[in-house]
Amino acid sequence: SNARYFSTPVGVSNQVTVKVTDLEAQVEYVIYAVMVDRSGNEDTTPISLVQKTQDRYNAIDFSLRFAETRLYDAEIEVVRRRVSEILSLPLEKVTQPVTLSAASSSSSRRLDVVSTDGSSVILDMQIHPSPFSDVLPSPRDMITRLNEQKAYLDKHLSNFDTAYVIPVNESDNVRPSWVDLPVIETITKSTLTVTAKSSTKGYIYAAILTVETDTEKPRTWQLWKKFNSKNS
């Protein structure tokens, strides 16, 4: 079960405050509660409360400019690591945009966009918010911090353009949905092909396991973090 259970004593004032932590942002929760006195007498009708947690922060698109004509994969990885260090973010939260090819329905990273004069390159990147934490600031605030830390970037990144004002663009805060549910198109002895269609650009996280080891459907955050239903 995905339910969480807790109890708390009621003292002399007959009042109590309960704080529930580690919830997921932008999710509707229902709370059931019942009173029981010290003699074990129960309130006959549990009460229920329904409340949605605050919306998660939007993802942020931003870019950095370098005084060279191309960035290679190894250089881009260094950029990701430096940005994540400055912002104290897990590395997986700093990514590159994914572009979709209508012809092939395949996805690929957008490595760079060369400026019109051909003397510099602009690297497009994204910061993904955490739906499980109130501690991290908004991605928009993080870009403000990044603009204030150009000296650090200049010291650790070759040919970084400190004159470039790091722009920020906020993604729409709309929960995605399936337009076409996943369907198995083909299967062989060792491979299978699944097709699906989403209501928006983004990512699909999935897991595959044998039926005999499938004990319970995982939650959204477990798939996102590459866990099964037992967090293993």
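**A friendly note on the cavity, a pocket and the folded core**

1. What is the make-up of the lining of the largest cavity by class? There are seven nonpolar and three polar residues, with no charged residues. As for how such spaces are found, rolling a probe the size of a water molecule over the atoms shows where empty space is left.

2. Please keep in mind while reading that this is a predicted model. The protein has 232 residues, and 24% of them count as buried. Its secondary structure comes to four helices and eleven strands. Among contacts with a separation of 6 or more, 58% are accounted for by residues 24 or more positions apart. The accessible surface is about 16900 Å², and carbon and sulfur atoms hold 52% of that surface.

3. Next, have a look at the second largest pocket, which has a volume of about 2100 Å³. The elements that give two or more residues to its lining are β1 (28–33), β2 (47–52) and α4 (220–224). Which of the elements gives the most to this lining? That is β1, with five residues. In total, 50 residues line the pocket, and Phe-6, Val-18, Lys-19, Val-20 and Ile-31 lie nearest its centre. Sorted by class, the lining of the second largest pocket has 24 nonpolar, 13 polar and 13 charged residues.

4. Helix α2 deserves a slow look. Within this helix, which spans residues 139–148, the buried residues are Pro-139, Met-142, Ile-143 and Leu-146. Why do they line one face of the helix? Seen down the axis of α2, the buried residues fall within an arc of 100°, so they sit along one face.

5. Is Ile-166 buried or exposed? Its relative accessibility is 3%, so Ile-166 counts as buried. Leaving aside residues up to four places away in sequence, Ile-166 touches Phe-62, Ser-63, Leu-64, Ile-143, Leu-146, Asn-147 and Lys-150. Two of these contacts, Ile-143 and Leu-146, are among the buried residues of α2. Lys-150 is 16 residues from Ile-166 along the chain, and their C-alpha atoms are separated by 9.5 Å.

6. Finally, two backbone details to check on screen. Most residues other than glycine have a negative phi. Asn-14 is not a glycine, yet its phi is positive, at about 65°. Asn-14 sits in the segment before β1 and is exposed, with a relative accessible area of 62%. Ser-88, also not a glycine, has a positive phi of about 55°. Where is Ser-88 found? Look in the loop between α1 and β4 (94–95). With a relative accessibility of 56%, Ser-88 counts as exposed, because the cut-off for that is over 50%.

How values were computed
Residues numbered from 1 in each chain as written. Predicted model: local features only at pLDDT ≥ 70, side-chain atom pairs only at ≥ 80, totals over all residues. Heavy atoms only, no water. Buried < 20%, exposed > 50% of the residue type's maximum accessible area, 1.4 Å probe, protein only. Arc of directions from axis to C-beta. Contact = heavy atoms within 4.5 Å. Areas by Shrake-Rupley, 256 points an atom, 1.4 Å probe, with all protein chains shown as cover. 1 Å grid on protein atoms, 1.4 Å probe; cavity = no way out; pocket = protein on both sides within 12 Å on 5 of 7 lines; lining within 4 Å. Points joined across faces, edges and corners; volume = space filled by probe spheres on them. Nonpolar A, V, L, I, M, F, W, Y, C, P; charged D, E, K, R; others polar.
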